[in-house]
Structures are given as structure tokens and as C-alpha cells.
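Trainee: I have a model open and want to go through it with you. Can we start with single residues and then move to the packing?
Mentor: Fine, go ahead.
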Amino acid sequence: MNFLIRLFVTAAVAYGLSIILKGVHIPNFIDALILVIVLAVLNTFIKPILVLLTLPITIITMGLFLFVVNALIILLADKLMDGVRIDGFWWALIFSLILSVASSVAYSLVEKKSY
């Protein structure tokens, strides 16, 4: 249940960002939901391989290269989907940064704290 809530919150944030960012085009909420599912799959299977392959440059840049890896994952999801369009690397980088922060904040507002 927690995973589904996180999925819907992230999809809502992604759809909202597509309205704000002119280089990110997500036509409707269903496409945003599919994008989030594709990103979850790519982050599970492809991202660990990319992180391992780019470990030397990640160490040299003190972890900042992971932002590039996140943008590449967003661009790969864009290529795998018909409805979503990202206008370039920089838009993917901005989208990934804001999506991470905004979805974390939104999820913390939705999440029930059990103490």
C-alpha cells in the first residue's frame, strides 16, 4: 500500500512539473503514472549497472555525477515511452532534481507518522 501511495504522489508531482517546466511534456496523469512505473523499473535494474560503471568518475566528482546518471535514466524512460517528451539533457537534469525533492516533500506530507 505504501508503494502505491508513493507511486501516485510521484506521478502527481511529475505531472505538475510538466505543467511548470516548458521542456517537459507529459500530456495527462495516466502518462505520468506510466512514466513513474517505467522509472521505478529502470531505477531497479539499469541504474545500479550505470552507477557501477561510472563509479570512478562518481568518486572523482564526489558523487555529483549521480545527477547525470539520474538524468540519463529520465532520458531513457523518455525514449521508451510515446506520450512523454523531454526536450534535452538539461531539462532531464532539472526535472530529475526537482522531481526528487518535490516528491519527497509531498510524500512526507501525505505519509502517516506512526510512533
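Trainee: Is Thr58 buried or exposed?
Mentor: Thr58 is buried, at a relative accessible area of 8%; buried means under 20%, exposed over 50% and partly exposed in between, with a 1.4 Å probe and protein chains only. Keep in mind that this is a predicted model, where local features need pLDDT of at least 70, side-chain atom pairs count only at pLDDT 80 or more, and totals for chains, interfaces and linings use all residues. Residues are numbered from 1 along each chain as its sequence is written, and side-chain values use heavy atoms, without hydrogens and water.
Trainee: Which residues does Thr58 touch?
Mentor: Leaving out residues up to four places away in sequence, Thr58 touches Gly63, Phe65 and Leu66; contact means heavy atoms within 4.5 Å.
Trainee: And what lies 2.8 Å from the side chain of Thr58?
Mentor: The backbone oxygen of Thr54, 2.8 Å from a polar atom of that side chain.
Trainee: New topic, the largest nonpolar core. Which residues touch the most other members?
Mentor: Ile26, Leu35, Leu39, Ile86, Phe95 and Leu99, out of 27 residues. Such a core is a set of buried Ala, Val, Leu, Ile, Met, Phe, Trp, Tyr and Cys residues joined through side-chain atoms within 4.5 Å.
Trainee: Which helix gives the most to this core?
Mentor: α2, with seven residues; helices are DSSP runs of H or I, at least four residues, numbered from the N terminus.
Trainee: What does Phe95 touch?
Mentor: Ala14, Leu17, Leu21, Val24, Ile26, Leu35 and Ile74, again not counting residues up to four places away in sequence.

Notes: Helices (H or I, at least four residues) and strands (E, at least two) are DSSP runs, numbered from the N terminus. A polar contact is a pair of N or O atoms within 3.5 Å; within protein, one must be able to donate a hydrogen and the other to accept it, and residues adjacent in sequence count only if both atoms are side-chain atoms.
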